[in-house]
Amino acid sequence: MKLLTQGDAQAVLVLKEAQIELERRHQLEVRRRLEVVGATAHFLLEPRRSRREVLRRGGG
């Protein structure tokens, strides 16, 4: 998050969302924090979702 906040990175790249946080409520908080700094998260082993679907599910 420090690199993202400083503008030294624009995205987080992990194999699956559970690597960021295990609990769904914490995953949503991380997504909100990413959105605040204009960053994105990409998950290599999970199907890509449209932004509309992510927002509908409560992600950021």
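I began with Glu-29 and Arg-32, which both lie in helix α2, 3 residues apart, about one turn of the helix. Helices here are DSSP runs of H or I with at least four residues, strands are runs of E with at least two, and both are numbered from the N terminus. I noted that an α-helix has 3.6 residues a turn, so residues three or four places apart point the same way.

The model is predicted: local features need pLDDT of at least 70, side-chain atom pairs count only at pLDDT 80 or more, and totals for chains, interfaces and linings use all residues. Residues are numbered from 1 along each chain as its sequence is written, and side-chain values use heavy atoms, with hydrogens and water left out.

**Entry 1: the pair in α2**

I looked up how the side chains of Glu-29 and Arg-32 meet, and I found a salt bridge of 3.4 Å, N to O. The term means a side-chain nitrogen of Lys or Arg within 4 Å of a carboxyl oxygen of Asp or Glu. I recorded the general point that side chains of opposite charge can pair when their charged atoms come close.

I then checked accessibility, where buried means under 20% relative accessible area, exposed over 50%, and partly exposed in between (1.4 Å probe, protein chains only). Glu-29 counts as partly exposed because its relative accessibility is 36%. Arg-32 is also partly exposed, with a relative accessible area of 42%.

**Entry 2: the network around Glu-17**

Which residues do salt bridges that share partners join into one network? I found Glu-17, Arg-24 and Arg-31. Glu-17 forms a salt bridge with Arg-24, and the closest N and O atoms are 3.4 Å apart. Glu-17 is buried, at a relative accessible area of 7%, while Arg-24 is partly exposed at 35%.

Glu-17 also meets Arg-31 in a salt bridge, at 2.9 Å from N to O. This pair links distant parts of the chain, for Glu-17 is in the loop between β1 and α2 and Arg-31 is in helix α2, 14 residues apart. Arg-31 counts as buried, with 6% relative accessibility. My search of the whole structure gave 4 salt bridges.

**Entry 3: the faces of α2**

I compared the length of α2 with expectation. The expected span is 1.5 Å times one less than the number of residues. For the 13 residues of α2 this should be 18 Å, and the end C-alpha atoms are 19 Å apart, which agrees.

Which residues of α2 are buried? I listed Gln-27, Leu-28, Val-30, Arg-31 and Leu-34. Seen down the axis of α2, the buried residues fall within an arc of 160°, so they line one face of the helix. The arc is that of the directions from the helix axis to the C-beta atoms. On the other side of α2, I found Arg-25 and Val-36 exposed. Just after α2, Gly-38 takes a positive phi of about 75°.

I located His-42 in strand β2, residues 40–43. His-42 counts as partly exposed at 36% relative accessibility. Contact means heavy atoms within 4.5 Å. Leaving aside neighbours within four places in sequence, I found His-42 in contact with Ala-11, Val-12, Leu-13 and Val-14. The C-alpha atoms of His-42 and Val-14 are separated by 6.5 Å, although the two residues are 28 residues apart along the chain.

Lys-16 lies in the loop between β1 (11–14) and α2 (24–36). Lys-16 is partly exposed, with a relative accessible area of 43%. With neighbours within four places in sequence left aside, Lys-16 is in contact with Phe-43 and Glu-46. I noted a C-alpha separation of 6.2 Å between Lys-16 and Glu-46, which are 30 residues apart along the chain.

**Entry 4: the whole protein**

I counted 3 helices and 2 strands, and from the N terminus on the elements run α-β-α-β-α. Buried residues make up 22% of the 60 residues. Of the contacts with a separation of 6 or more, 57% are between residues 24 or more positions apart.
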